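Student: Could you walk me through how to read the features of a protein model? I would like the general idea of each one, then the case at hand.

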Amino acid sequence: MNKIFFHSAPPQAARKPVEDTRFGVTRRDDYSWLRAENWEEVLAAPEKLPEDIREHLEAENAYQAAFMADTEELQTTLIAEMKGRMEKAPVSSPLKRGPFAYGSGYREGADHPYFYRVARDGGAEAILIDMNHHAEGTEFFTGTSIVTSPDHSLGLWGYDDKGSEFYTLRIRRFEDGVDLPEVIEKTSGYGYWNASGTGFYYVRLDDSFRPVDVLFHRIGTDPAEDLLIYHLDDPRFYLGIYGDMQYRHIFISVTDSDSSELHVLPSDMPHSPPRLILPRQERVHYQIEAAEDRFFLLTQADGAEDYKVVQGIWTGEELADIQEVVAHEPGRLIESISVLRDFFIREEMVDGLTRIVVRDRESGEEHVIAMDEDVYTLSHHPGLEYDAETILLDYSSPTTPWREYEYNLRSRVRVLLKEQKIPSGHNPAHYVARREFASAEDGTLVPISLVHRADLKRDGSAPCLLEGYGAYGLTYPMGFSGARLSLVDRGFVVAFAHVRGGKEKGENWYRQGKMLKKRNSFSDFVASARHLVKQNYTRHDRLVAEGASAGGLLMGASLNLAPDAFAGVVAKYAFVDVLNTILDESLPLTPFEWLEWGNPVEDEEAFKYIASYSPYDNLKPADYPPVLAMTGIADPRVGYWEPAKWIAKLREVSTSGAPALLRTSMGSGHFGASGRYGRLPDTAYAYAFILKITGMMDSRPVAPRQP
């Protein structure tokens, strides 16, 4: 690979050394000044960024723009390709509730959805809200779905117009399409109605972006007078709420990465104190679905690390007559449950593949819904009505565009309702999706999902994009991506390494990739890269790695571990300054994160372990490949300063002469640009970088042939 890409000198961040001593270890940080002292203000109002930091980020943006100038035509081509695979005006299947059915859709060319309803048995669409109207004139905008009141007269919706994840709640009156005067700010974006429809419950965030209060708002009153239902004063926990399908109960969840507890109150009794359902237990998470006064619990109690299901009667004071419904089975991860009047449904994952199991509540008879492909994603939506006998199934694979089925739980008949249309054309037979298993350092087999053209020659010449995440117990099944085909059709193998830290192989897979075992995630990823080379899918000088957020940590740590394994790295909103962040209790997520990474403030072992892999702290002289870091100035989850510091130090130590780029959006947050089409330029930019560093800039997409 040619190491000389660009002759212009990159920006040089000023060095302003700051020292910090913990547990007898003194660390020097030359670039800590890139974190604005008024970072909380900046997240809410990016224009308040101090001038010296702004000048540096703008210089970085100018540098990366100059480096990527020769890809501008390619980026335009990529955006056109991606648009060509997007359905022009998709509309969801409406879900029935009472006299209406509710759905959403996009108008042709629109960035944001509209929400509508029709008469239960069909008819003309009545538009409830069109997010495009509210997005006009904003640099960033994302709206939530609309939550309808029990009497169908009002809808609750939220929006964030900065990327800071402070959502404003509004109440839409359906009769005339006007929003009521109440404006509720600094919320999580969602709320749940009480049974009478006179008000709703919601979560408020504090100035540090932490969810701290559950409140009840009564329609027609001043939000400043909203009733406090529950206050959380421990930043180590995360606060959330949800309601049941019948509007009977409101559940308040208090969770960390190791345990959970739920409180419940009748939805029409906001003045009644919430009741704790079960006491907190170490290493026990649980969630509840309500069926009238019977609660179904998905729980890890009694050593059921991959979850079991029990049911009990809620007396209003306690859970009584608890009985097991589904026994624990190690390696079978029960991910979610749904309860209808006559049926109990669970989604479970085995070896990274999902299946749906349906049980008749009266007879106890079960049947399984699964798919035949080696790699796919499958989920269900129970609908909006408790007495329903049908559910919606969502299915796709790397080769098969999204399909939506109506599934009759009693007759087991599956009817195709919607199929993603690819305007530019698509033949699944022209592609292959398969599963590989890499052998990690300790012999553990790491699943890899991948897709490529059916006519690919396994001679090692193909370029490859290897993605990964591996944190918080999140699973990442690979579904269909029209954008991804812009690489696949140019001969790329696109793969995802399901490293330890996710839950693709159960709870133990997660625990083997967190806390004092976190380094397993990084060695798994490197092993996955080496496996793809060994199996002649690609070569190391053709293999680019990509990850976002905690996946950015995976990128940075894997790069330090084996810089020779990668032709380049793309790290988006990357959590790369791990030790400094997890030492700082003032940051929004830090106390909550201690059970994921360890608490280096109080625990010397955790401090030294995190210090041993934190990407920023472990940069050393080496031949690093080209690196692209992408971030947003209003990101409340991973501060913009983390990738900014990382790139500055990477340039300082790299001996390769390869470019290190920082691209900062001055008007968005953790999830990048907003809107259906608004996100495409970011993807096209990253893909253009990947094509450039692999020598594929002049390649053209080729319609694959079956071998």
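Tutor: Gladly, and let us begin with contact, which means heavy atoms within 4.5 Å. This is a predicted model, where local features need pLDDT of at least 70 and side-chain atom pairs count only at pLDDT 80 or more, while totals for chains, interfaces and linings use all residues. Residues are numbered from 1 along each chain as its sequence is written, and side-chain values use heavy atoms, with hydrogens and water left out.

Student: Which residues is Trp646 in contact with, leaving aside neighbours within four places in sequence?

Tutor: Trp646 is in contact with Gly556, Leu559, Ala571, Val576, Pro615, Tyr616, Leu619, Val627 and Ala629.

Student: And how do I read a nonpolar core?

Tutor: A nonpolar core is a set of buried Ala, Val, Leu, Ile, Met, Phe, Trp, Tyr and Cys residues joined through side-chain atoms within 4.5 Å. Buried means under 20% relative accessible area, exposed over 50%, and partly exposed in between (1.4 Å probe, protein chains only). The largest core here has 124 residues, and Phe525, Leu532, Phe566 and Trp646 touch the most other members. Helix 13 (residues 680–693) gives the most to this core, with ten residues; helices here are DSSP runs of H or I, at least four residues, and strands are runs of E, at least two, numbered from the N terminus. A second, separate core of 15 residues includes Leu340, Phe343, Val358 and Met371.

Student: How many salt bridges does the structure hold?

Tutor: A salt bridge is a side-chain nitrogen of Lys or Arg within 4 Å of a carboxyl oxygen of Asp or Glu, and the structure holds 48. One of them joins the side chains of Glu81 and Arg490 at 2.8 Å, N to O. This pair links distant parts of the chain, 409 residues apart: Glu81 is in helix 3 (residues 72–84), and Arg490 is in the loop between helix 5 (485–488) and strand 35 (493–497).

Student: Are Glu81 and Arg490 buried or exposed?

Tutor: Both Glu81 and Arg490 are buried. For another case, take Glu652 and Arg15, whose side chains meet in a salt bridge at 3.8 Å, N to O. They are 637 residues apart, with Glu652 in helix 12 (residues 641–653) and Arg15 in the segment before strand 1 (18–22). Glu652 counts as partly exposed, because its relative accessibility is 36%.

Student: Which residues are linked in a network of salt bridges?

Tutor: Glu329, Arg332, Arg346, Glu348, Arg355, Arg359 and Glu366 are linked in this way.
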